[in-house]
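Here are a few friendly notes to read alongside the model. Please keep the viewer open as you go through the points.

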Amino acid sequence: MKVKEFFLNMAKGAAIGLAVIIPGVSGGTLAVLFGVYDKIIDSISGLFKHFKSSFLFLLPILLGAALAFAALYFPLKYALAYAPFPTIMLFAGLMLGSIPDLIKKANRNGFKRLDTVGLVLSCAIVVGICFIPSIGDVDLSLSMPVWGYFLLILMGMLASCALVVPGVSGSMLLLIFGYYQPLLDTISGLKTSFGHSLSVLVVFAAGLVIGFFTIAKIMQLLLNKFRRATFWAIVGFVIGSIPAIIVTFFNQFGDNLTKWLAPWQIAVAVILFIAGAIATFLLTRYFAAHSEKSEESEPQSLESISENNPEENDGI
């Protein structure tokens, strides 16, 4: 891997890492947006079979995600605390700007009338998740019972959906099940209760890893066997992400809209929304051009194989 490509993938990983923090935003969506989704799924699924090539591809993405999360966790936490509407509208703009390129990619595999079902259904699922009421925050303190650790593994597996399934926000699912804020507090608690906080985060991370590999295998199977229908479903997930982010805001801050929808916040939100959409549109164009150049000198990717053998990926 060239040095330029390494740092480019780190930048993509950084954006994916930030998605973990924002409820309603999916890391899988950003992976699709940056044109690395297929390769991430293939690399995860083939990690043990093709360890060197898979590891070298995943390394800069994981590094970027980890560094961005560590560096911007507290700034984003404060942004969500003091200017939530502008923050989430920036991410909504990022999603909007990615849609034209995503539809273009999906069209390469063709379109059938039945694909509309997957597109609409996936969009409805993403938005529908936002209307599931939260069960309230759980207790992750020192008094947490032993069975709470098993639930943590389950929550980790659930949250891993955000990293593999485009449009599904792991932080949103954690919010619904009451684990989002307690986990954030646990990260902050590393300063005061290091041992317990670390054990909670390690158990949660174990669930993430288990779910990560399991769901990646399922997504690879769907992309191989039903690529056309799966990709249009992904388009639906991404489109649904935009209203889902906004619904998430009203769910969280609806009790004090006068404060969070002050004129200056609305003005900044509009500017960030437009800037995010334009930036993503231009970035996807750049990444698409860069990806095409890379594929000219590499073996056929999953996408190019699909284009050359449409009968093998017809799906429905």
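1. The largest nonpolar core has 72 residues. A core here is a set of buried Ala, Val, Leu, Ile, Met, Phe, Trp, Tyr and Cys residues joined through side-chain atoms within 4.5 Å, and buried means under 20% relative accessible area, exposed over 50%, partly exposed in between (1.4 Å probe, protein chains only). Tyr 37, Ile 40, Leu 152, Val 164, Leu 174 and Leu 183 have the most contacts inside this core. Helix α12 (residues 227-253) gives the most to it, with twelve residues; helices are DSSP runs of H or I, at least four residues, numbered from the N terminus.

2. As this is a predicted model, local features need pLDDT of at least 70 and side-chain atom pairs count only at pLDDT 80 or more, while totals for chains, interfaces and linings use all residues. Residues are numbered from 1 along each chain as its sequence is written, and side-chain values use heavy atoms, leaving out hydrogens and water.

3. Leu 174 is worth a click: beyond its neighbours within four places in sequence, its contacts (heavy atoms within 4.5 Å) are Met 155, Ala 159, Tyr 179, Tyr 180, Leu 183 and Phe 204.

4. There are six aromatic pairs in the structure. Rings of Phe, Tyr and Trp (its six-membered ring) pair if their centres lie within 6.5 Å; planes under 30 degrees apart count as stacked, over 60 as edge-to-face and the rest as tilted. Phe 212 and Phe 213 pair edge-to-face, at 6.2 Å centre to centre and 80° between the planes. Phe 212 is buried at 18% relative accessibility, whereas Phe 213 is partly exposed at 26%. Together with Phe 48, Phe 212 and Phe 213 form one aromatic cluster.

How values were computed. Helix = DSSP H or I, 4+ residues; strand = E, 2+ residues; numbered from the N terminus.
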